[in-house]
Each structure stands twice: as structure tokens, then as C-alpha cells.
Amino acid sequence: MIEIKNVSKGFGEKEILTNVSAVMETGKTNLIIGTSGSGKTVLQKCMVGLFEVDKGEIIFDGKSLTNMQEEERKELRQQIGMLFQGSALFDSMTVQRNVKFPLDMFTNWSHAKKMERVNDVLDRVNLKDTNNKFPAEISGGMKKRVGIARAIVLKPKYLFCDEPNSGLDPQTSMVIDKLIHEITKENNITTVINTHDMNSVMEIGENILYLYEGKKEWEGTKKDIIFSKHEKLNEFIFASEFLRDAKDMRMLEAKGIIDNDRNMEQILRDGGASLVVDEGDKGNPDK
Ligand SMILES: Nc1ncnc2c1ncn2[C@@H]1O[C@H](COP(=O)(O)OP(=O)(O)O)[C@@H](O)[C@H]1O
Ligand SMILES: [Mg+2]
């Protein structure tokens with residue numbers, strides 16, 4: 001569990017985060033959402049200690065990062081995995097060396113033991129036979145998976161992902177989201193994900209913090225979002241007419257008003273006629 005307590009952070013005269021408090025729960029995918037520029041990356045950087053907070057405190061499982069000495073911070077950093085925006089792989093290194101890098105930096109394991117772990121994590125992200133490829137030779141989705149493998153190679157307790165879906169198509173994004181979610185569950189990691197992808201919110205949003213201009217505007221789960229009347233939140237998540245319809249459908253489904261089994265065969269067959277005629281009017285498609 002990571003507690004964010006009354007955190008404020010600015011640069012020069014400009015305040016970016018104002019009195020933000022939230023809890024990132026253990027074993028869950030905790031999402032920080034908000035439009036571009038709302039302060040998501042700054043908050044994540046405060047959480048991992050890349051930025052010092054101006055006010056407030058960040059607490060990792062009862063230990064305050066804010067008050068920690070350098071030695072203790074180093075120890076904590078080794079329990080933190082990070083998936084950077086754009087993957088940030090070393091282009092001159094093979095996939096295998098990229099993933100092995102944290103082990104070379106932070107362990108004195110034998111080469112064999114390191115390779116065993118590297119192969120385990122590559123296997124986990126479904127990249128079995130890519131050890132000797134270079135980043136330039138693999139797809140965007142594969143690069144993200146290498147990034148995930150590298151982020152988890154030291155078995156972190158905490159995992160931070162900044163916009164893990166940036167630059168990916170919707171289908172690949174979903175694969176990455178699900179992978180992060182599964183790994184979080186399997187290893188009981190406290191995972192923090194910055195995103196402005198509404199698909200991620202609805203798929204893996206177990207605990208969601210919505211930032212608006214550097215302030216906590218709302219928090220809840222993906223289910224809460226379906227029923228939320230919060231105007232700004234709705235404008236952000238359900239930005240299009242199409243998505244507003246989807247929200248309505250989910251609401252009806254959750255209330256048991258419609259059985260949304262997505263069996264649309266009938267409707268497709270008779271061009272929607274069965275939607276407008278009731279039982280008594282059967283056989284009159286012009287009505
Ligand atoms: N190192 C920095 N120095 C000055 N301003 C910064 C710095 N990093 C971010 N900002 C500003 O903080 C605000 C929030 O940025 P950011 O956290 O990156 O937003 P998000 O990740 O939600 O898109 C922006 O206005 C940005 O310009
Ligand atoms: Mg950002």
C-alpha cells in the first residue's frame with residue numbers, strides 16, 4: 001500500500017499538485033487518470049522519489065519516503081519496478097541484455113541464475129524466443145512487453161507504469177493492460193498506472209484517482225464510474241456520444257434491465273425491425 005498524504009508540488013511560482021491525498025492499494029491496479037497536463041507524471045515522479053514534494057508525505061507500507069535517508073531510499077528503489085513512457089529500452093542492447101540489466105546492476109547472482117530469471121520473465125510476457133533481437137527489430141507491443149519484463153525482473157513490490165498504452169493500437173493496448181493486471185494479481189504488487197485511455201479505465205480500473213488541474217477531483221472504481229454523475233469525470237471518460245451510449249448500456253446491464261449477452265444475430269438479420277415492433281405487431285416491419 002502506498003499512501004499519498006496532502007501532497008503539493010510546484011515548479012517555481014507554479015503549483016502543479018495541490019493537496020493530493022489517496023491510497024494505492026496492494027494487489028490492485030491503481031489508476032491515476034486525467035487529461036494531459038493534469039499532473040499524473042509529476043505525481044508518479046513524487047511517489048518514486050524522482051521529485052521531492054513541497055508539502056505532504058509519501059508512505060510505502062508504513063515507511064515514509066519523504067523522511068527516508070539515502071541508504072534506505074536505495075533499498076526501497078530496488079523494490080520498485082518502472083515501465084517508462086515509450087518503453088525506454090537501450091537500443092544498442094538485445095532484448096535479453098535489456099531485461100538482464102537490473103540484475104547486473106543490483107544483484108551478484110551467477111550468470112546462470114540471472115539467465116534463468118531473464119528467461120522466466122520473458123516467458124511470462126510471452127516473448128520466449130526474442131532474446132537476441134534488438135529493440136528496432138520488434139513491434140511496439142513487444143517493446144512494451146520487454147519493458148514490463150525488465151520492470152518485474154527484480155520481483156518488485158511496487159510497479160509504476162506511465163501511459164503504458166501510448167502509441168499502441170486498441171487491441172495491443174488491451175493485451176498490455178491485461179498483462180499488467182495479471183502480473184499485479186499473481187505477485188500481489190501495488191501497481192500504479194497513469195493513463196488517459198478510457199478502455200484501460202473500464203477494463204482494469206480497480207482503484208481510480210481522477211486528477212483535474214493538479215487536484216484530486218474524484219476517486220472510485222470502474223463500477224462507480226458507470227453510475228457517477230460527476231460532470232467533469234463524465235466529460236473526460238465518456239467524451240463522445242458513442243461512449244455516452246456505452247455508459248447507458250452498462251448501467252442498464254448492471255441494473256438487470258437488459259441482458260447484454262451481445263447476441264445481436266436477430267437484430268442484424270431483420271435490420272432492426274424487431275427493435276421497434278412489439279409482440280402484437282409482429283410481421284409488420286413498416287410500422
Ligand atoms: N520538470 C518540470 N518543470 C516544470 N514544470 C513541469 C515539469 N514537469 C512537469 N511540469 C508541468 O507540470 C504540469 C503537469 O505535467 P504532467 O505531470 O507531465 O502532466 P500529465 O502527466 O498529466 O500529462 C504541466 O503543466 C507541465 O508543464
Ligand atoms: Mg504524463
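Helix α1 (residues 40–47) gives the most to the shell around ligand 1, namely three residues. Helices here are DSSP runs of H or I with at least four residues, numbered from the N terminus. This is a predicted model, where local features need pLDDT of at least 70 and side-chain atom pairs count only at pLDDT 80 or more, while totals for chains, interfaces and linings use all residues. Residues are numbered from 1 along each chain as its sequence is written, with chains lettered from A and ligands numbered from 1 in the order in which they are written.

Who's around ligand 1? The residues are Phe11, Ile16, Gly34, Ser36, Gly37, Ser38, Gly39, Lys40, Thr41 and Val42, where "around" means a C-beta atom, placed from the backbone, within 6 Å.

Now for the helix pairs. Axes are lines fitted to C-alpha atoms over the stretch in contact, and angles run from 0 to 180 degrees between N-to-C directions.

| Helix pair | Axes | Angle |
|---|---|---|
| α3 (residues 95–106) and α5 (residues 140–152) | within 7 Å | roughly 25 degrees |
| α5 and α6 (residues 170–187) | 10 Å apart | about 15 degrees |

So α5 is roughly parallel to α6, a label for angles under 35 degrees. Likewise, α3 and α5 are roughly parallel to each other. Their contact (C-beta atoms, placed from the backbone, within 7 Å) involves Val95, Asn98, Val99, Phe101 and Pro102 of α3, plus Val146, Ala149 and Arg150 of α5.

Technical notes. Helices (H or I, at least four residues) and strands (E, at least two) are DSSP runs, numbered from the N terminus. Angles under 35 degrees count as roughly parallel, over 145 as roughly antiparallel, 65 to 115 as roughly perpendicular and the rest as oblique. Two residues are in contact if their C-beta atoms, placed from the backbone, lie within 7 Å.
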